[in-house]
Amino acid sequence: MAATSIDKSERILVVGAGTFGLSTAFHLVERGYNNVICMDRWEVPSKSSAGWDISKIARTEYFNPIYTRIAHESLDAWRDVEPFASAKLFHQTGWLHMNPSDMSTAAAERFERGLENTRQYGDGSQIEYLTDENAIKAKCSLLTGDLKGWRGIFNGNAGWVEAKRSMEVLGEYCVQHGVKFISGPSGVMAEFIRDPQTNAVIGVQAEDGTQHHADRIILSAGAWSESLLDFEGQVFSGAYELAHIQLSEEERERYSSLPVLHAPNKGYCFPPTQDGIFKIASLTYTQTNYTTLNGRLVSVPRDRSLNPTDTLSEEGIAGCRKIAQACLPELGDRPLVYSAMCWDTESIDFNWIVSPQYVWFHFELVSSVQASAIKFSPSSPSTLYIATAGSGHSFLVIGKYVCDCLEGKLPENLRETWRWRPDKVGDAPRVNRVDIKDLHGWRHDGKCEKQG
Ligand SMILES: Cc1cc2nc3c(=O)[nH]c(=O)nc-3n(C[C@H](O)[C@H](O)[C@H](O)COP(=O)(O)OP(=O)(O)OC[C@H]3O[C@@H](n4cnc5c(N)ncnc54)[C@H](O)[C@@H]3O)c2cc1C
């Protein structure tokens, strides 16, 4: 596909100023676009965003080398590129990935591939193999759990990123460089405005009726994307579970040298923050919240910012505790000071959708022979672009690729991987999903969980 020439003063509307949206706005201004508008329910940092969190893992062992490469670019950006570098958002604590004794061979093989990708396409110089529980404990003497039969790797090149703060830093930078932000009811997209002749998207109507017209529209609404546009089964919104334990000052100091700890199908945890918050998260299953919306069955995020009394379910709390109980049992049953469901969009194959979305319209052929034939045709050029499907692994510097997509510069392999692909829905692997209506104890607003 040939590169598209876009006037730098074209009005570009980014719908959803979370992780993908902010990164996109940042890269747009870096490329000289001077008429960029971001809309979101919330001011930056958005309380609905998956990034509204104290920490995210920054690691490179991805099964698909595309993300291994991008993860290395992101590490470089967190370390060396402004405005990230001065803000010191990245903490290079290393990450200790452990394969529990009950881990499936398939999952272990996937991880091996991720390691191989890190060596081949990035920096594998700091990877150490830990062949049994003794090697794991020799690497990290803070671990007091049994860990019998566990093995793993330590990669000193990895660590964690201050998530919410990185959105603040990006938001401030964007404002200073002329990006306009619209929040509140006029920042909440209700529906697309379409050209009555061509059906092309020409803007967005907000919840309060305000109309925002634009030359290009980028939909980066994370877990809400599927509620706003029919993705034809390519994505679903899923929640992951996280919880916080408050450590004493003495404990904070003791655990301050922890790396990120990660065990597939169990969970992961982070070194304590400056104020002693120890975050634990579950990897047991993905939650959904299926509801019929405009005649479509859609998993709609149960937004924690709009439902502030929600907590994790009993099952979710048990899931989060698993990793601490296995590695640091002295913390495993401690009271939780916070717990939440945090939503992201999962695609059928865990790859992003970064793609133009052509509007298809049909016309009927009028010859008597073909009277019943209906042909579909894409409107051209596209005005709507999709940037979503973080799939639980994308706290990354993605905006560069969204800009490349807008400018028609994505290389063929990325265009193919991230394209609009309802034709692939049938190939989808099964993931372990549980609907929140079947979980217990997360609802505290006087209604029952079954109501979702
Ligand atoms: C619990 C959890 C842990 C994770 N941990 C990691 C990790 O350790 N490492 C990692 O790399 N990745 C991690 N991820 C994945 C990563 O955080 C996400 O893939 C990424 O943040 C998704 O970004 P997004 O922009 O698509 O969505 P979001 O950041 O959620 O942004 C979507 C935005 O759209 C806005 N919006 C929604 N509806 C509308 C509307 N109608 N109008 C206007 N705006 C709207 C929302 O308010 C929100 O601000 C994790 C995700 C979760 C949920």
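Me: How do you know that residues 361–379 call for caution?
Reply: In this predicted model, pLDDT (the predictor's confidence in each residue, from 0 to 100) stays under 50 over residues 361–379. The model has 20 contacts beyond four places in sequence for them, a contact being two residues whose C-beta atoms, placed from the backbone, lie within 7 Å. Where pLDDT is low, the predicted coordinates should not be read in detail. Over the chain, the mean pLDDT is 92, and 94% of residues reach 70 or more.

Me: Which thresholds and numbering apply here?
Reply: Residues count from 1 along each chain as its sequence is written. Because the model is predicted, local features need pLDDT of at least 70 and side-chain atom pairs count only at pLDDT 80 or more, while totals for chains, interfaces and linings use all residues.

Me: Why is helix H11 called largely enclosed?
Reply: A residue is buried if 20 or more other C-beta atoms lie within 10 Å of its own, exposed if 12 or fewer, and partly exposed in between, with C-beta atoms placed from the backbone. In H11 (residues 399–406), 6 of the 8 residues are buried, so the rest of the structure largely encloses this helix. They are Gly399, Tyr401, Val402, Cys403, Cys405 and Leu406. Helices (H or I, at least four residues) and strands (E, at least two) are DSSP runs, numbered from the N terminus. Among the elements covering H11's buried residues are H1, strand E13 (216–219) and helix H12 (412–417).

Me: What is Val402 in contact with, beyond four places in sequence?
Reply: Valine 402 contacts Phe20, Thr24, Ile218, Val354 and Ala387. Val15 and Val402 touch the most other members of the largest nonpolar core, which has 111 residues. Such a core is a set of buried Ala, Val, Leu, Ile, Met, Phe, Trp, Tyr and Cys residues joined through C-beta atoms within 7 Å.

Me: What makes the ligand lie between two domains?
Reply: Domain bounds come from an automatic or database domain assignment. Domain 1 (9–52 + 163–234 + 348–420) and domain 3 (236–259 + 276–346 + 432–452) both give residues to the shell around the ligand, so the ligand lies between them.

Me: Which residues come nearest to the ligand?
Reply: Of the 39 residues around the ligand, Gly16, Gly18, Ser46, Gly222 and Gly390 come nearest. A residue is near if its C-beta atom, placed from the backbone, lies within 6 Å of the molecule or strand in question.
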